[in-house]
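Subject: Structure for you to look at

Hello,

Here is the structure I promised to pass on. My notes on what turned up in it follow below, and I hope they are of use when you open it.

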Amino acid sequence: MAASTENETLSPLLDILNGSNTTDKEVFVASTEGMLLSYSFLLVSALLCVYFGSYRSITHQDKQKKSGEKPEVLTAKDAAIFPFIASGFLFGIYVVILLVSKEYITFVLNIYFFVIGIVALFRAIHPIVDRIRLPLLEKLRERQFHLKLSENNTTNNDIMHIDFKFNFLDIIALFFCVLIGVWYLLKRHWISNNIFGIAFSLNAIEILHFNKVFNGCVLLGGLFIYDIFWVFGTNVMITVAKSFDAPIKLIFPQDLLESGIFAANKFAMLGLGDIVVPGAFIALLLRYDMTRKSKSPLYFNVSFVAYVIALLITVLILQIFKHGQPALLYIVPLCVGFPLLTALLCRDWTAMFAYEDHPTLNEEVEKKKE
């Protein structure tokens, strides 16, 4: 999980997410304007994903509670072993790269991200489209469809496999997402890459619930060590990062002003893991804020400011050392330390660590694992 320039590599995010780029023999020196433009885009995009993803997580949680849906919760044990699982998966990919042709791996990944990218983008824009109230769109919404697929059962009631309701506007939105997917699949343009990357980030922050602050601290701490080890300790992550071209990072050309929107290819980039992992923790703090008496987003604001500072430090260190940085090295201490220090000063430490997104469900999961 790292920030990088064109001649540096990104580290992976979560278990499989990692950045990639194409290295050139000639060293590219970006102009001041090009660097400011590219890093401004990356920082603003990351902040918007975290901000809106956090508030969408509240809506998602409310829907789960109303529908009675049982979400998957992350226990402390899950958080503790995740970095080891991610390390094993990363090394497995490294071995596959050494044994299998890069072209075959790239082909499989392109098809995979084409499919899940369309789904993620549709899910990301659907709430936005739903809020737009225009006469033309209302007419499109009136055209309703109902798709059912059931299995006849002679002993009991029919088994329903698919029961999906949608309208004509949903079809148009899906068609738009497919067009973006085809554009990415054929051209792999940096704009289509970023559209998918932002969609992945929004969905992940919305859905990924750490359930407890302690769980989030354990996971972030583990990934903090994981990131540093695989970035500085071995060449495994660099090899993996160089081998894939997928929408698992946000990129912006530093030579956009010189080369134009289609020819630019000297990218600054930020791995999605540096957005999703801290973003999910910040979203957790926002959900905790909503349970406090004041309803003030104190911890969300504190952690959000910490995230801004951490990203700025990452960019600064990147420019000083001219080498890709494990961004979690700076993000984790600030995004965890700032809210914990605030809780200590506000004498809210006990209440913060007692908070759970899904308390009853968490108890059931723990009992099953025992």
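Let me start inside helix H6, where serine 201 has its place. Please keep in mind throughout that this is a predicted model. Serine 201 counts as buried because its relative accessibility is 0%, under the 20% cut-off. Its side chain reaches the backbone oxygen of glycine 197 at 3.0 Å. Beyond the neighbours within four places in sequence, serine 201 is in contact with Cys49, Leu272, Ile275 and Val276.

The protein as a whole averages a pLDDT of 85, and 86% of the residues score at least 70. One stretch to treat with care is residues 6-25, where pLDDT stays under 50. The model does have 83 contacts beyond four places in sequence for that stretch. Where pLDDT is low, though, predicted coordinates should not be read in detail.

Now the overall picture. The protein has 14 helices and six strands, and 49% of its 370 residues count as buried. Its accessible surface comes to about 18900 Å², with 67% of that belonging to carbon and sulfur atoms. Of the contacts with a separation of 6 or more, 75% are between residues 24 or more positions apart.

On the surface you will find a nonpolar patch formed by Phe91, Val95, Val96, Leu98, Leu99, Val100 and Tyr104, which together have about 700 Å² of accessible area. Helix H2 (residues 76-99) gives the largest share, five residues. Valine 100 sits in the loop between H2 and helix H3 (102-131), and is partly exposed, with a relative accessible area of 36%. Further along, helix H3 also holds valine 115, which is partly exposed at 45%. Valine 115 and valine 182 are 67 residues apart in sequence, and their C-alpha atoms lie 9.9 Å apart in space.

Then the charges. How many salt bridges does a search of the whole structure find? There are eight. Arginine 292 takes part in the ones I would show you first. Its side chain meets that of aspartate 289 in a salt bridge (3.4 Å, N to O), and both of these residues are buried. Arginine 292 also meets aspartate 348 in a salt bridge, at 3.8 Å from N to O. Aspartate 348 counts as buried because its relative accessibility is 13%, and arginine 292 counts as buried at 18%.

Glutamate 138 and arginine 133 form another salt bridge, with 3.0 Å between the closest N and O atoms. Here glutamate 138 is partly exposed at 28% relative accessibility, and arginine 133 is exposed at 56%. Lastly, Arg56, Arg123 and Glu206 are linked in a network of salt bridges.

Do write back once you have had a look.

Best wishes

Terms used:
Residues are numbered from 1 along each chain as its sequence is written. This is a predicted model: local features need pLDDT of at least 70, side-chain atom pairs count only at pLDDT 80 or more; totals for chains, interfaces and linings use all residues. Side-chain values use heavy atoms; hydrogens and water are left out. Patches are made of residues with over 30% relative accessible area and no salt bridge: like charges are joined within 9 Å, nonpolar side chains (Val, Leu, Ile, Met, Phe, Trp, Tyr) within 5 Å. Accessible areas come from the Shrake-Rupley method with a 1.4 Å probe; for residues, only the protein chains shown count as cover. A salt bridge is a side-chain nitrogen of Lys or Arg within 4 Å of a carboxyl oxygen of Asp or Glu. Helices (H or I, at least four residues) and strands (E, at least two) are DSSP runs, numbered from the N terminus. Buried means under 20% relative accessible area, exposed over 50%, partly exposed in between (1.4 Å probe, protein chains only). pLDDT is the predictor's confidence in each residue, from 0 to 100. Contact means heavy atoms within 4.5 Å. A polar contact is a pair of N or O atoms within 3.5 Å; within protein, one must be able to donate a hydrogen and the other to accept it, and residues adjacent in sequence count only if both atoms are side-chain atoms.
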